[in-house]
Amino acid sequence: MALWDKLGEELPDLPYRRTGTLYADNDRFSVEAFVENHSKWGYDCRLITRDQARQYEPSVKVLEGPLAIAEGEGQVEATAAAQVLATEARKAGAMVFTGIAIDAVSVDGTGRVDGVVLDAAPLKADEVIVAAGTETARIVEPLGVNLPMRSPAGLLVTTRPLPRLFDRLILLPDLHVRQLPEGALLAGTSFAGERTDEPPEAQAEALVQRIRDMIAGAENAELGHWTVGYRPVPEDGFPVIGRPGRIGGLYIATMHSGVTLAPAVGEFVAREVIDGIRDPLLAPFGPDRFQDN
């Protein structure tokens, strides 16, 4: 997260804000345990009283159980940030193509990855980095790389724009919500993923009702749209970053949360691919931990 601050200083157009987060206790998340564990790592978080929470975010109607504030956390608009970074990459000499499907990763006569295939035409490369989220396992499987992943679904709803109600990310029981720069509220129910047979349309309407019930000023919130995304979570829950030992020319980078970790992982990957230096912090996260013995 400190590297998001650094990127924000270097790139004024980056849609990143260090806003902090208000945490409330729920059945799946202990605020007290969170603060106790993270404080030992030097994380900027602390327990607060209800009165303090009301001063921080008076628009939150329901404040129960232990509460905490994490001032070091922030918000970034991921798609817009990717576009800013792609523009900067072009300025630095990179060729950036979008909207083009990759048919396959190609392999030369020695069994080394040597590029990708685009619409039956080869594009050769010294190194291929697969950072394709939930699709990563499918892409590398034909290359003999086993990458078991879970892809829990995540429902997000976006309301129609509202007047400015709050600044922080708000994590309440069964509701995490933030207000986008244009005023819309973006909300979900869980960072762990939802498992239900209920249609997403019904879940979306229920979530908007929860916003109305829990956020002052949002009593007349209207659903703008909803989306269901799938989190790229390796089977053991930890990132996969590095080169598989069984095939050369291939590098993998997939994880959840990719947005939070993006600046750090970007630096790590660039250093390893360009300079051949693997950061010691990456030692537990290589892809070969999933290979059969």
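Arg168 and Glu57 join their side chains in a salt bridge, 3.1 Å from N to O, in what is a predicted model. Arg168 sits in the loop between E11 and strand E12 (169-172) and Glu57 in the loop between helix H3 (50-56) and strand E4 (67-70), so this pair ties together parts that lie 111 residues apart in sequence. Arg168 is buried at 13% relative accessibility, and Glu57 is buried too, at 3%.

**Other salt bridges**
- A search of the whole structure turns up 16 salt bridges.
- Glu135 and Arg138 form one of them, at 2.6 Å from N to O; Glu135 is partly exposed at 36%, whereas Arg138 counts as exposed at 53%.
- Glu222 and Arg160 also meet in a salt bridge, at 3.2 Å from N to O.
- Glu222 comes from the loop between helix H6 (200-214) and strand E15 (223-230), and Arg160 from the loop between E11 and E12, so parts 62 residues apart in sequence get tied together.
- Both ends of that pair are partly exposed: Glu222 at 45% and Arg160 at 46%.

**A three-stranded sheet**
- Strands E6, E7 and E8 line up in that order in an open sheet of 3 strands, with antiparallel pairing.
- E6 (104-107) and E8 (121-124) are the edge strands with a single partner each, so one side of each has no neighbour in the sheet.
- From one strand to the next, the twist averages 40°.
- E7 (residues 113-118) pairs with E8 over 4 bridges, and Gly115 faces Lys124 in E8.

**Leu155**
- Leu155 belongs to strand E11 (residues 153-159) and is buried, with 7% relative accessibility.

Note on methods:
Residues numbered from 1 in each chain as written. Predicted model: local features only at pLDDT ≥ 70, side-chain atom pairs only at ≥ 80, totals over all residues. Heavy atoms only, no water. Pairing = 2+ DSSP bridges. Helix = DSSP H or I, 4+ residues; strand = E, 2+ residues; numbered from the N terminus. Axes fitted to C-alpha atoms, helices over the stretch in contact; angles between N-to-C directions. Buried < 20%, exposed > 50% of the residue type's maximum accessible area, 1.4 Å probe, protein only. Salt bridge = Lys/Arg side-chain N within 4 Å of Asp/Glu carboxyl O.
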